[in-house]
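Me: Got a model here I want to go through. Can you take a look and answer a few quick things?
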Amino acid sequence: MPFGLGFGELVLIFGVLLLLFGAKRLPELAGGMGKGIRDFKRSLNGLDDESIQANAQQNYLQSPPPGAPVHTSAPVESEPTRVG
């Protein structure tokens with residue numbers, strides 16, 4: 001178990017939280033905590049909403065439009081012409 005807590009201790013902690021905050025507030029608190037952790041991880045990685053949008057826009061501008069012919073850099077070899 002995490003932090004050396006047994007099943008009984010976890011049930012006791014959950015019961016105290018339920019009494020303190022109520023059944024309606026616990027999902028809101030958990031959601032807010034999850035959002036905070038997500039934002040914290042993004043800030044550690046140097047990602048914010050602006051850089052994510054700029055990267056997506058740059059990738060969109062670099063990709064060819066759908067249905068456009070794809071050009072290859074390799075020259076196309078043709079058969080030698082025969083004289084005669």
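Me: Which residues line the largest pocket?
Reply: This is a predicted model. In it, the lining of the largest pocket consists of Ile13, Phe14, Leu17, Phe21, Leu26, Leu29, Ala30 and Met33.
Me: Which elements give two or more residues to that lining?
Reply: H1 and helix H2 (25-45) do.
Me: OK, surface now. Which residues make the nonpolar surface patch?
Reply: Leu10, Leu12, Ile13, Val16, Leu17, Leu20, Phe21 and Leu29 make a patch of about 690 Å².
Me: Which helix gives the largest share of the patch?
Reply: Helix H1, residues 7-21, with 7 residues.
Me: Take leucine 12. Where does it lie, and is it buried or exposed?
Reply: Leucine 12 is in helix H1. It counts as exposed because its relative accessibility is 59%, and the cut-off for exposed is over 50%.
Me: Zooming out, how many helices and strands are in the chain?
Reply: The chain has 3 helices and 0 strands, and along the sequence the pattern reads α-α-α.
Me: What percentage of the residues is buried?
Reply: Of the 84 residues in the chain, 1% are buried.
Me: And what does the accessible surface of the chain come to?
Reply: About 8,300 Å², with 63% of that belonging to carbon and sulfur atoms.

Definitions and conventions. Residues are numbered from 1 along each chain as its sequence is written. This is a predicted model: local features need pLDDT of at least 70, side-chain atom pairs count only at pLDDT 80 or more; totals for chains, interfaces and linings use all residues. Side-chain values use heavy atoms; hydrogens and water are left out. Patches are made of residues with over 30% relative accessible area and no salt bridge: like charges are joined within 9 Å, nonpolar side chains (Val, Leu, Ile, Met, Phe, Trp, Tyr) within 5 Å. Accessible areas come from the Shrake-Rupley method with a 1.4 Å probe; for residues, only the protein chains shown count as cover. A salt bridge is a side-chain nitrogen of Lys or Arg within 4 Å of a carboxyl oxygen of Asp or Glu. Helices (H or I, at least four residues) and strands (E, at least two) are DSSP runs, numbered from the N terminus. Buried means under 20% relative accessible area, exposed over 50%, partly exposed in between (1.4 Å probe, protein chains only). On a 1 Å grid over the protein atoms alone, a cavity is a set of points where a 1.4 Å probe fits but cannot get out, and a pocket is an open set with protein on both sides within 12 Å along at least five of seven lines; lining residues have an atom within 4 Å of a point.
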